[in-house]
Structure formats: C-alpha cells, structure tokens
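Dear colleague,

I am handing over the structure we spoke about, and I would be grateful if you could look through it alongside the notes that follow.

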Amino acid sequence: MDIGRVRSLADCHKIADFRELARRRLPFPVFHYIDGGGDDESTKARNTAAFDEVDLVPDVLVDVESIDTSVTVLGKSSRLPLMLSPTALQRLFHWQGERAVAAAAEKFGLWFGISSLASVSMEEIGANFAGPKMLQYYYHKDRGLNAALLEMARAAKFDAVALTVDTIVGGNRERCLRTGFTSPPRITPASAFSYASKPRWALDYLFREKFSLPNLEKHVAAGSDVSASIQSYFSEMLDQTLDWKAAEKLRDDWGGKFALKGVMSVGDARRAADMGVDAIFISNHGGRQLDGARAPFDQLAEIVDAVGDRVEVILDGGVRRGTHVLKALSLGAKAVSGGRMYLYALAAAGQAGVERALGLLEAEIVRDMKLMGKTSVDQLTRDNLRLR
C-alpha cells in the first residue's frame, strides 16, 4: 500500500520509496539503466518475488533484549549479514558515486564492492576507506588490463576479488536500447529533454569532475571517452574464452580471498568448491543477463546442501526487506548482497540516502530477529520456514 507521495529523503521508509525518489530525480535513461533487466524482465521480478514463496515461523517467549546481528564473511567481521554488491558507473547516478557507498559501508561496518567499471579508482578507495573491500573482476580480452586490475587491487589493499562469471556476453537490456543509455551518456533527440529537465543532475554531471572509468581508461577508451552501452561493452571487451582453467589461474595470480559471482547451478557450485574458492555468490546479475533464469533464492537451499560445508554461500539479488535477509540465512546463506537496494538510495540522495537505506534495513533486521525470537543470526534454521 502506498500512502502519500515520496518527495524527499524524509519520505523514504522502505527501499521502494528510494526507487520512487530516484525516478523523480534522474534523467530517464539513467533511471532505467539502474531499474531495468534483460528481455521481458521476468527474472528481475522473480528475484524479489521468490522470497514470498516461504513464510517465517517465529519462536516466542525468548529474551531478545540483546541480540547480535554480526557475521564473519571472507575472514572479515560484518555488523550485519549484508554486503553492498559492486555496481558500475555510480557517479552517473549521483556525483558522489562510489565514495558515498564506501563511506556508508564503513560507517555500518559492511563489506563494500567496487566494479572494474567503477567511476572512482581502486587507489582512491583503498587510500580513504578502511572497511572490507572487494573488487568485482571482469575478465577482459586485454591480458595487460587483466593483470593491471589485480595489481591495482593489491596495491590498494583490497581484501577479496570476485570474478564475475555470468557476463560472457551482454544481456539484452531493452530499456537501455529504447532510451539510448551509454557510458558516458550520449545525448539523443529522444533523451535530450529528460537530461535538460533534471537540471541538478545535469549541472553536477557537467561541472564536477569529468566522468570516467579510471580503472580501465589507461587500457580502453570505451566507457570513459568513447560512449558505449554496457551490453556492447560486455560483448566486445570481455573474453568469451573464459573457462574454469582461466578462473583457477586468476585465483592463483591473486593469492588472496577469492570468490565466483554468478554461480547458479549445483554442478557449478560443486566445481567451485572443488577448485578451492572461498565463496560463491548465487546471482543472476540482478536479472540483467539471462531472462527466464531461476532466482538466486530458488537455488539457495539446493546449493547450500551441496557445498555449504566447504564454501561460503552468499545470496545476491532481489533483497528489499529485512525479512528477505532472514529467510536467506534460514536456508543457510552466510550473508546476502544486493545492488539496487542501495543504488536507488544513492541516486535519490547520495551518501545520506545510502545511510538512510542501510539504517532502515538494519532496523528491520534487528526488529525482525526479535520478532522471530532469535538472539543471533546463526539461530535461524529451516525450522523457521514453511513453504506456502
């Protein structure tokens, strides 16, 4: 139920409210890049809807005056079982970009991920933020760039690398095709009015620091100086020969905590565990790649049963509520991660928006744990869930 209009940050009381505020404040090509999915967007919708297939069954008469929401993920303590999944191009959504998200993650004691296609350099993030940091690694055709990304992450003292394995080609993002969205933005007759009608966004984009992808620009011009769609970037710049052998070599070259992001099948989860990765992210790239794919939550129990004793299993995608977090933990996830859950807030109000979104999610997790009769997250089990 929607009561009243979302006009300011103070009106935001759930993640959907930040989405509405972002829609009001962004040029439509930029908003639809964040909001859109692949093809008919059925998988994107399913990512969140899947949580509705199970109900929580609470325990009562439990002393919950004091609870512990913390977890240890990839060797680092996290105040909440929540990770801010890496996403690209963040300074297009708000001029503060990754700096705002990193600062908010540090304040809340959470893992923060930065994409290879980030709009702030790993060097700057590493120098200014002390919280646990992960590089989302895209495997390029340019071997020099591949090696340079690892060296940048190592020099910036990043704590983990997550190889993205579900972007062997770009998904069919029809909203972006219709709006003409590119990085950097290319103004078209169809989109010119939208950019002009959002003067605050336009002034920030035009008169603050030049937009670029600093981790890539020394090797490729696409995305920084030459406009490109994300779909075309993935299809043209990323290496379609990426296989298990290459992934294993990358893990060895990195030598630190290593994860695969985009694992969806039990067979791949077993192979990842056999390879010795530290974690897998069950993810379909936010429903932006293969439409009609299963939702991560639908696959969670089967994958946890297969490899949960050998590798940390992280659920990625579709999370909008504290109850979603608790449902995933009850099925055995070590933590959950997501992008849109904070990207809408970033687009709506920068760092203040991200902090408000995280504060609301934390309050939901704390309240819901108390209502479930749980004093720590490891007390959540499948006994607390029932299929509808």
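A residue is called buried here when its relative accessible area is under 20%. By that criterion strand β10 is mostly covered, since four of its five residues are buried. Please keep in mind throughout that this is a predicted model.

The strand belongs to a closed barrel of eight strands, which runs β4-β5-β6-β7-β8-β9-β10-β11 with parallel pairing. From one strand to the next, the twist averages 25°. On the sheet packs helix α7 (residues 143-155), which touches β6 (133-137) and β7 (160-164) and whose direction makes about 175° with that of β6. Helix α13 (residues 266-275), for its part, lies across β8 (257-263) and β9 (279-282) and runs at about 170° to β8.

Turning to the neighbours of β10, four bridges join this strand to β9, the two running parallel, and F281 stands opposite I314 in β10. Together with helix α14 (residues 296-307), β9 and β10 make a right-handed β-α-β unit.

Strand β10 (residues 312-316) pairs with strand β11 (residues 335-338) in the parallel sense over three bridges. Within this pairing, L315 stands opposite V336 in β11, while the bridge partner of D316 in β11 is S337.

With best regards

How values were computed: Residues numbered from 1 in each chain as written. Predicted model: local features only at pLDDT ≥ 70, side-chain atom pairs only at ≥ 80, totals over all residues. Heavy atoms only, no water. Pairing = 2+ DSSP bridges. Axes fitted to C-alpha atoms, helices over the stretch in contact; angles between N-to-C directions. Contact = heavy atoms within 4.5 Å. Buried < 20%, exposed > 50% of the residue type's maximum accessible area, 1.4 Å probe, protein only. Right-handed = clockwise from strand over helix to strand, strands pointing away.
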